[in-house]
Each structure stands twice: as structure tokens, then as C-alpha cells.
Amino acid sequence: MSSTAPAPWAERHQVAVYLGAIAAAVLVGWAVPGAPALAPAVTPVLGLLLFATFLAVPFAAIGRAFADLRFLAGVLVVNFAVVPIVVLVLSRAVADHEAVLIGVLLVLLAPCVDYVIVFTGLAGGAADRLLAAAPLLMLGQMLLLPAWLLVLAGPEAVALVELGPFVEAFVLLIVLPLAAAAALQRAEPRSAAARRVTTATAAAMVPLMALTLFTVIASQVRGVGEQLGDLVTVVPLYVGFLVAMVPLGVLAARVAGLDVAASRALVFGGVTRNSLVVLPLALALPERLALTPFVVVTQTLVELVGMVVLVRLVPRLVPGRDPRHSGGTTPSDRKAPRP
């Protein structure tokens, strides 16, 4: 299977492109009254971005990643043992505000299974290993989120949670893009059209990420801005979560003895949250919790800015390159044809 790297300019200036997309999204989302109508486009745009990401990962590497028990154990421990402790500490600051507390718990206790794979690859991390861990992370949060809500918010909060959006998101954002990428990889050796699609998709990675950032932020920023007075207290919590989880992820990777690519993947896997999946849960809550969806969206905005920074920061915190790893390469590393 062959693949072509994105345009050198896009790769060299990807952070500037993403920051520009975020700035444009804030401007458009606030100035254009119809911008919230972009919300239904978030899932298909994100699905297309994940298809491009999956297409760049050889599926043989994904199979090998399932056997990496140290990484799988590390990412599960970080997300389902370390993260709840951090969230317990941070959430006490809003424990007396039910709508805010439930929003903070919903979003911070749910590990990301979608665009974290993209950001991990951009940082030279093991995208294939996080992809292999995605079903376990999704299943774990479906089973454990009610338990953590019971402990941290009480039985009434548990009764409000429905698991349907988790299943729907897993199908639309993982299963379908993954199946399409696998089919295209299988067709490449005997189809020139499939090879052209792969080449064009690889070249579109940076624009697709910019489009995803723009769509998510532009569709949500007005609602957040209108509730800013009530949401200002959660911004420091979300920033604090990012600041706390990066060194904890680095430490966990060292304890587990992971290689460079897997260590970066573990950091991103611990930091990034499942905001786009839990948002439908928040939207389905009773009227008295109308603020909760905006609490979730605020985390998305904080996190996306943080991810753009971490794409550059994490490789400095976990320096080096592991030549043994084939699934966590940066775009420039994918210039050579793959078997």
C-alpha cells in the first residue's frame, strides 16, 4: 500500500493553520447568527477526519497493537483510576452547583475515542495503539460512568444518563470510518482509483483537521458566550485538568516502560475527553439542567486549544523517535510506500 505525505507547507505550518481555524470559528460563530446551524455537520466532518486518519494507519499495525498489553493496561489505569481522582479533586469547586457539577463529571470522566487518534498521530504518537484501545475505552466509560456519577453526584444523576449516544457515536465515528478505510486499503493494490483516493486523503489531513476545529467551535461558541457568566468557573477546572494530566501521563508511561510513540499516545489518551459523545447526554437532561450542555461545550473549546499546543509540547516532553513503531508516524514519516 502506498501513501503520499501532505503538502510540506501544510505540515510545517499546521499549528498556525489550526490556530487560524480556531480564530476564524470564534469570529464567525459569534458574528453570524446562523452559525449554530453548523452543529449537525460536526459528526460527518469528524467521521471524514477519522476515516483519513484510519487510512494512514496500516491495519497490520492495529492488529499488533492489541498485543501490547503494557500500553492497554497503562491507558486503562490512567483513564479509569487516575483520572477519577483528579476529577474528584477538581469537581469539589463546583459541588454545590448541580448543573455545572454534572457537566464537569460527564465530560471529564469519559476518555476520548475519536479525534484523540488524530492529535496523537500529529504528535508522532502511536495512533494505532489508541485505535486498538478505543473499544475498551468506550466500553469502560459506558460501564463506569454511572458508578462515578453515583459516587460524586448522587443517585439522581445516574438516573438521567442514557447509553444510546455512546453506542451511536461508536458506530458513526469508529466502526463506519474504520470499515471504509479497511476496504480502501484492501483495494489499493489492484485499483488506481483507490490509490488516488488515498493520496488525496493524505494530502487533505491538515485541511480536514482545520475544518473540524472550525465546525465544532463555530457551531457552539455563541451559546457558550451567552452563558459566559455562569461558565467562567469551569474554565480553570478544564485548564487544570490539562495541566495535571500531562505530567501524570508522562509519569505513567515511564512506570509502564513504554516506548516513545506509545508514551505520547498515553499522554494524549489521558488528557483528551469524549465531549462530542457526551454532549447528546447533556442535551437530553431536564430543563433545570439546561446549563449542563454548555458546561460540556466549554470543555471542548478549552481542550481543542490545548490540543493544538500539546501537538508541539508533548514531543518535547517525550523526546526521541522509536524506529520500531510504524503506526504513530508524523505525516512526513509516511512518504515511503508501505507494504
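Helix 3 (42-55) and helix 12 (205-226) run roughly antiparallel to each other (angles over 145 degrees count as that), with axes that come within 9 Å and cross at roughly 155 degrees. This is a predicted model, where local features need pLDDT of at least 70 and side-chain atom pairs count only at pLDDT 80 or more, while totals for chains, interfaces and linings use all residues. Residues are numbered from 1 along each chain as its sequence is written, and side-chain values use heavy atoms, leaving out hydrogens and water.

**Helix 3 with helix 12**
- Helix 3 passes helix 12 in a left-handed crossing (the near helix is turned anticlockwise from the far one by less than a right angle).
- On the helix 3 side, the contact (heavy atoms within 4.5 Å) includes Val-42, Val-45 and Leu-46; on the helix 12 side, Met-205, Leu-208 and Met-209 are among the residues involved.
- Sorted by class, that contact has eleven nonpolar, four polar and no charged residues.

**Helix 3 with helix 7**
- Helix 3 also packs against helix 7 (residues 115-122), at an angle of about 45 degrees and with the axes 9 Å apart.
- The contact is made by Leu-46, Leu-49, Leu-50, Thr-53 and Phe-54 of helix 3 and Tyr-115, Ile-117 and Val-118 of helix 7.
- Here the tally is seven nonpolar, one polar and no charged residues.

**Helix 5 with helix 6**
- Helix 5 (residues 69-91) and helix 6 (residues 98-108) have axes that come within 10 Å and cross at roughly 160 degrees, so the two are roughly antiparallel.
- Helix 5 passes helix 6 in a right-handed crossing (clockwise instead).
- Val-83, Val-87 and Ser-91 of helix 5 meet Leu-101, Val-104, Leu-105 and Leu-108 of helix 6.

**The largest pocket**
- The largest pocket has a volume of about 530 Å³ (on a 1 Å grid, a pocket is an open set of points where a 1.4 Å probe fits, with protein on both sides within 12 Å along at least five of seven lines).
- Its lining (residues with an atom within 4 Å of a point) counts 27 residues, and Thr-43, Leu-276, Leu-279, Pro-280 and Leu-283 are the closest to the centre.
- Helix 16 (275-283) gives the largest share of that lining, six residues.
- By class, the lining of the largest pocket splits into 21 nonpolar, four polar and two charged residues.

Terms used: Grid points are joined across faces, edges and corners, and a volume is the space filled by probe spheres set on the points. Helices (H or I, at least four residues) and strands (E, at least two) are DSSP runs, numbered from the N terminus. Ala, Val, Leu, Ile, Met, Phe, Trp, Tyr, Cys and Pro count as nonpolar, Asp, Glu, Lys and Arg as charged, and the others, Gly among them, as polar. Axes are lines fitted to C-alpha atoms, for helices over the stretch in contact, and angles run from 0 to 180 degrees between N-to-C directions. Angles under 35 degrees count as roughly parallel, over 145 as roughly antiparallel, 65 to 115 as roughly perpendicular and the rest as oblique.
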